[in-house]
Amino acid sequence: MTEHCDKLADLGALMRAAQDGDKAAYCKLLRQVTPILRQAVRQRRHFLQPQDIEDLVQDILLSLHAVRATYDPARPFLPWLMAIARNRVADGGRRHLRRAAHEVAVEEYPETFDYDATNHIGEGYGDPQALRQAIEKLPQGQRQAIEMLKLRELSLNEAAAVSGMSVGALKVAVHRAIKTLRVALHAES
Amino acid sequence: MDTDKLIERLAADAAPVRRLRPPGRRLALWLALSVPYVALVAYVHGLVVDMPSLGADPRFVIEAAAASATAIAAGYAAFSTLVPGRSRAVVWLPLIPLSVWLVSIGKGCIDDWVRLGAAGLTVKIDWICIPPMAWVGIVPVIAMVVMLRRGAPLMPRVTLAFGGLAIGALANSGLQLFHLGDISIMVLVWHFGSTVLLSAVAGWLGPGIFRWNIAPRSSGA
């Protein structure tokens, strides 16, 4: 009990020193009050996430800093600190309510916009079965190039090492294959 | 931003500060600035001729005392609400003299009605009250605004409403020395009403003009 009273008296003394410009005392004071504030915020807003609690604690520390001239060394320190904390927690609650009134919480953001033009992602790939059949009908060199570079996503150098074809030949084969596939798929559709 | 980093930043920024004086001493300072000015304005306008006879009138004395006490109590409440950790019960203090003031004017209205009939309750537009009230309020307003800027905006509406009430009540106290209302209903509407209006407007504006002046968290990070 005596130790607790000494600690509280220490906080008042540290604050008095901080008002006189003692930076070390101020740093020590802020480090000592931070766990007290964290606990107080957690008690009042037990439903908040840890990062939101930390946000509120930081708000209180900033507010304390802004009005540190209002502390009267003749009066106890903790009621002064807790009055600021209560006020900032209440302000945080009001901010939260205001935000909640203007926002709609969603589990996942929509991937596209509402416009029709932006909603054809699925259709852009066409018919996978037709594509597979068209690839099977390609000449062997072109088919091999497409499989390695587009389906297995190998680099040109890797594909050249695997197939024994030159990089230039692979490029030409892919280009021709895509051209052939485009004609084949358009003709089909 | 990490809380430890914030603490280091705040500690590095901890320049010495001038401690806020207790509310009683701040009230005394406000009165010391405002009362001589109000007395000077009353003197320049010319004091009410029959002041000695008015001094013997209990209703005049009660009204003047209640208005003055309202100014003092409202000023004390306004300065107290700027200090974290002070009892909030102080916000009820001004209601006592304010009630006495209102009851006293109300009693005057009833007396006028008994004495003059319906004419005793006739409200006229009396623009002549406005300039003296404006003049008498100049220094109290400036002093109050400057002094209220130092402190914690814990209850901005209440602080500014009491600041406005203190100014209006003090202006009314001064007004009674050189500008008497002819009947009580006029005092009620124009003098007391303008005080309440000033208090209400100040309280309404409170949150907009009296905010926590805190540094952005990310600066200097």
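At which residue does α8(B) bend, and by about how many degrees? In the predicted model described here, local features are reported at pLDDT of at least 70 and side-chain atom pairs at pLDDT 80 or more, whereas totals for chains, interfaces and linings use all residues. Residues are numbered from 1 along each chain as its sequence is written, and chains are lettered from A, with ligands numbered from 1, in the order in which they are written.

The bend in α8(B) falls at Gly193(B) and amounts to about 35 degrees, the bend at a residue being the angle between axes fitted to the seven residues ending there and the seven starting there. This helix comprises 26 residues and spans 35 Å from its first C-alpha to its last, close to the 38 Å expected at 1.5 Å a residue, where the expected span is 1.5 Å times one less than the number of residues. Helices here are DSSP runs of H or I of at least four residues and strands are runs of E of at least two, numbered from the N terminus.

Helix α8 of chain B (residues 184–209) packs with helix α5 of chain B (residues 95–116) at an angle of about 145 degrees, their axes lying 7 Å apart; axes are lines fitted to C-alpha atoms, for helices over the stretch in contact, and angles run from 0 to 180 degrees between N-to-C directions. On the α5(B) side the contact involves Leu102(B), Ile105(B), Gly108(B), Cys109(B) and Asp112(B), which meet Ser184(B), Ile185(B), Val187(B), Leu188(B) and Phe192(B) in α8(B). Of the residues in this contact of α5(B) with α8(B), seven are nonpolar, two polar and one charged. Two residues are taken to be in contact if their C-beta atoms, placed from the backbone, lie within 7 Å, while Ala, Val, Leu, Ile, Met, Phe, Trp, Tyr, Cys and Pro count as nonpolar, Asp, Glu, Lys and Arg as charged, and the others, Gly among them, as polar.

Chain B as a whole has eight helices and zero strands, and its C-alpha atoms fill a box of roughly 75 × 30 × 30 Å along the principal axes. Of its 221 residues, 41% are buried, a residue being buried if 20 or more other C-beta atoms, placed from the backbone, lie within 10 Å of its own, exposed if 12 or fewer do, and partly exposed in between. Among contacts in chain B between residues at least 6 apart in sequence, 85% join residues at least 24 apart.

Chain A contains nine helices and zero strands, and 23% of its 189 residues count as buried. For contacts in chain A between residues at least 6 apart in sequence, 53% join residues at least 24 apart. The chain is divided into domain 1 (2–102) and domain 2 (127–188), with bounds that come from an automatic or database domain assignment, and the C-alpha centres of these two domains of chain A lie 67 Å apart.

Within helix α7 of chain A (residues 140–151), the residues Gln142(A), Ala145(A), Ile146(A), Met148(A) and Leu149(A) are buried. Glu153(A), in the loop between α7 and α8 (156–163) of chain A, has a positive phi near 55 degrees although the residue is other than glycine, and Glu153(A) counts as exposed because 9 C-beta neighbours lie inside 10 Å. Gln49(A), found in the loop between α2 (23–44) and α3 (50–66) of chain A, is likewise exposed, with 9 other C-beta atoms within 10 Å.

The contact between the chains takes 28 residues from chain B and 29 residues from chain A. The side of chain B that touches chain A divides into 20 nonpolar, four polar and four charged residues.
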